[in-house]
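Please take a moment with the sequence and the model below before reading on.

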There are 2 protein chains.
Amino acid sequence: MYAIGIDIGGTNTDIGLVNPQGEVVARKNLPTGQYTDANQYADDLANTIKALIDEQKVEVKGIGIGAPNGNFYTGCIENAPNLNMKGNIYLAKMMEERLHIPAVITNDANAAAYGEMVYGGAKGMKHFIMFTLGTGVGSGIIIDGKLLYGHDGFAGELGHTIIFPNGRPCKCGRQGCLEQYTSAGGIRKTCLEMMEQDPYYDGILSKIPAEELDSKAIGDAANQGDILALRVFEFTGGILGLAMANAVAFSSPEAIFLMGGPVKAGEVLLEPVRKSFNLNVLSNYKDKVKIMVSQLKQNDVAILGAAALVN
Amino acid sequence: MYAIGIDIGGTNTDIGLVNPQGEVVARKNLPTGQYTDANQYADDLANTIKALIDEQKVEVKGIGIGAPNGNFYTGCIENAPNLNMKGNIYLAKMMEERLHIPAVITNDANAAAYGEMVYGGAKGMKHFIMFTLGTGVGSGIIIDGKLLYGHDGFAGELGHTIIFPNGRPCKCGRQGCLEQYTSAGGIRKTCLEMMEQDPYYDGILSKIPAEELDSKAIGDAANQGDILALRVFEFTGGILGLAMANAVAFSSPEAIFLMGGPVKAGEVLLEPVRKSFNLNVLSNYKDKVKIMVSQLKQNDVAILGAAALVN
């Protein structure tokens, strides 16, 4: 039977209809960032799902939702720092009330990890970690072939491990979180800082208006050989590699997967990631951990993972 | 039936005979630090175990060993940075060959975590982390009521997560590991550094010869109100609290347990640990994680955990 998979990001909500073969056969989206009222969001989300189901004329057995701070145990999005909707949002229940279809919720990065395990490059792996780089930095951790939820449902918030005590202020209210350095916005911030420190820089990025200087533009410049852009990714990759090495000392995974916008920059990011990881990983783990890019289409992985949770 | 539980630390090896009620009824020890040859160590260990069994005139069903870098999957101590015996030591097999009793091995901190769950303050808990502070800093991680081993058997080396990039050099060959700040030796090092920076300090510790300045002496001084000693523990607790907060973002445990020599200092360490943890933990987890001291006798916990592994 069909399932609905939903990937809620800080900027966009992707809604997909997934067939029994694990393919996204139709999709719609909503601009998450524009909502401050959870009821309004739930209404629009339910109407969008309804439209998708009606258009495709199929029966749906369940709704799987991947959302920042989504708690599998409670079906609630709890105080997600990356959303403009604040407080506790019991979105699973809100969908069930509006659509009369069973709904489950998990962390968006958990959904991505689950999707990678069921459909992607982690097929058959029992221990791996997925880092999702986007508006925020999320992580989904697979232990013994299962998603790690921990005592209260919130395991796997590696984007909010503190890498630099007293570092950059984070939306979560603390300082120096991994997210502040390796999210799309973190990469942009690093770039702006480096440009400020280098007033004589007149490369590709100096021609781009500051407000358009996003991680994609910086990635493109790096791939054209721009030295400042390459330094931005060297710094970013260095920090990510260190965080990955520390994560490996926790769960000793077979692989670490990366996905999200900044990962599309390719080797300009991955090469410094590998270099830093090898430098910073404890010798016990050396040459044992594969560093991989998600092998699913980025727009599909979290939708597929969320839909797979319905089973 | 009886079991042998062995706790191998960098300095000492404690060998205990454990009765079916989970009590250590007899014990012996060996000075681990004095061995550089693994065969010699295995011979002496086997002879000590044999003497213990013969003296007590009991039948033993198995030997459980907790050792630094002990790999449950392979029965091997692999390149333990805290031992003077180098390389791979297949100690489980070496014991089975010498004694004809089945032997299993795990990380010493894993054994302590397991002991805490079976016999101590973590009874009934499904998700917790044990930090062991001693010659090194170890950790044992319980996920869903089971020890976390990961892909290759080496999960849970939180003492070797990097807290300060480019920080103090570590025996493992890298820099800035948690162990270098929160082990007994790390605390001593912090103290010596602070004394060097403060030439006018004339408190309790200034009367102790440098070679006798260990974490116990510093703990005693702190408990007598010595301000420099208190600062040492504030610094140590601050770092440990941060590391604990980062660990919580990984596995979202119900509790974190602490054990080992430096923990005996009591509130002078625990108060700054709690302060730093509360300051550094992501709001999702705030007021959800218990910070506890091991409720088993320190000399028993790893022995009991190792022996329990035999079951």
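The model is predicted, with local features needing pLDDT of at least 70 and side-chain atom pairs pLDDT 80 or more, while totals for chains, interfaces and linings use all residues. Residues are numbered from 1 along each chain as written, chains are lettered from A in written order, and side-chain values use heavy atoms, without hydrogens or water.

Chain A has nine helices and 13 strands, taken as DSSP runs (H or I, at least four residues; E, at least two). With 311 residues, a compact globule would have a radius of gyration near 19 Å, and chain A, at 19 Å, agrees; this radius is taken over C-alpha atoms, and the globule rule is 2.2 Å times the number of residues to the power 0.38. The C-alpha trace of chain A spans about 60 × 45 × 35 Å along its principal axes.

Chain B can be laid on chain A by a turn of 180° and a shift of 0.0 Å along the axis, with an RMSD of 0.0 Å, superposed by least squares on C-alpha atoms of residues with pLDDT of at least 70 in both. The two copies are therefore related as by a two-fold rotation axis.
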